[in-house]
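Dear colleague,

I am passing on a structure that you have not seen before, and my notes on it follow below. Please read them with the model open beside you.

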Amino acid sequence: MSRILPYPLLTLSLLVLWLLLQQSASPGHILLGLVAALLASRAMAALQPEKPRVVRFLPIFRLVGRVVVDILASNIAVSRLILNPNSDMTKSGFLTVPLVLKDRFGLAILSCIVTATPGSAWLEYNPEESEVLIHVLDIENDQEWIDTLKNRYEILLLEIFG
Amino acid sequence: MSGDQFPLWAAIAVSVLLVAGSLLTLAGCIGMVRFRSFYQRIHAPTIGTSFGTIFILAGSVVYFTVTQLRPAVHEVLIFVFVSVTTPVTLMLLARAALYRDRIERDPDVPPSKDPLDNAEMEASKQAPRRPAVKEA
């Protein structure tokens with residue numbers, strides 16, 4: 001199993017990517033995509049990357065749902081801030097947030113979520129103190145940002161990566 | 001493709017999605033101009049790469065699904081790649097800005113907590129300071 005399929009999820013994703021790009025699910029394309037995906041997974045195995053340990057899968061969907069809702073809300077909030085000529089642009093600032101999460105993959109996902117959200121950006125993670133420096137557009141609601149990060153995202157990531 | 005083959009509901013849906021996506025992306029671009037500091041400007045382009053992209057791609061999915069009479073979903077790939085690469089690029093740019101501002105001892109930027117970084121900052125104090133860009 002592990003010799004032929006060292007990264008089953010990667011192989012499957014590459015096959016899906018191939019079929020989407022070809023816009024076809026004919027047997028020929030499935031075969032060709034499978035060969036390409038298997039070869040690429042073998043190449044990946046040669047790099048010996050650290051494997052993510054996903055303990056629970058269900059919270060992934062809840063996390064995606066929360067992220068979509070929050071990004072839509074902050075899209076609207078930041079657009080209003082930009083388009084309102086009287087808005088105060090000086091309320092932004094830096095914020096240090098202590099984290100419990102230590103898993104490298106969890107931190108990578110959290111950093112992408114925070115940066116992809118308009119209104120907050122992940123700047124620097126300090127592994128010794130386990131805290132992160134983020135920049136937010138609306139520093140007056142700093143407690144709200146910390147709550148969102150810790151109670152909405154970090155809790156689920158801790159569940160996912162155990 | 002002639003007009004009578006393309007249903008009105010689809011035309012309205014595609015138009016609404018395209019206009020919504022374009023307006024969000026435009027708001028992000030205006031933000032790049034209106035924001036004052038580099039760190040504020042990091043927040044503006046993510047409007048265009050999140051729901052700006054989602055709405056425009058959703059319009060594309062509706063249009064090509066209706067005209068080709070089969071589901072067109074490969075736009076999802078564009079979204080996946082955009083949403084993975086943009087935050088990584090922005091974080092790299094932000095960290096470079098942070099590093100530079102600390103070297104130049106910008107009072108608005110919080111100091112680094114890494115002792116190695118601070119040793120480097122101390123060393124840079126002895127070195128002759130680079131002339132400011134404005135003087136050049």
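In chain A, strand β2 (residues 120–126) pairs in the antiparallel sense with strand β3 (residues 131–136), over six bridges; strands here are DSSP runs of E with at least two residues, helices are runs of H or I with at least four, both numbered from the N terminus, and two strands pair if DSSP finds at least two bridges between them. This is a predicted model, in which local features need pLDDT of at least 70 and side-chain atom pairs count only at pLDDT 80 or more, while totals for chains, interfaces and linings use all residues. Residues are numbered from 1 along each chain as its sequence is written, and chains are lettered from A and ligands numbered from 1 in the order in which they are written.

Within this pairing, A:Ile134 of β3(A) is the bridge partner of A:Trp122. Four residues lie between the two strands of the hairpin, where A:Ser130 takes a positive phi near 55°.

A:Ile134 is in contact with A:Leu95 and A:Val114, among others, contact being C-beta atoms, placed from the backbone, within 7 Å.

Between the chains, 30 residues of chain A are in contact with 30 residues of chain B. The largest share of the chain A side, seven residues, comes from α3(A).

Best wishes

Methods
Buried ≥ 20, exposed ≤ 12 C-beta atoms within 10 Å, placed from the backbone. Contact = placed C-beta atoms within 7 Å. Lists of a residue's contacts leave out its neighbours within four places in sequence.
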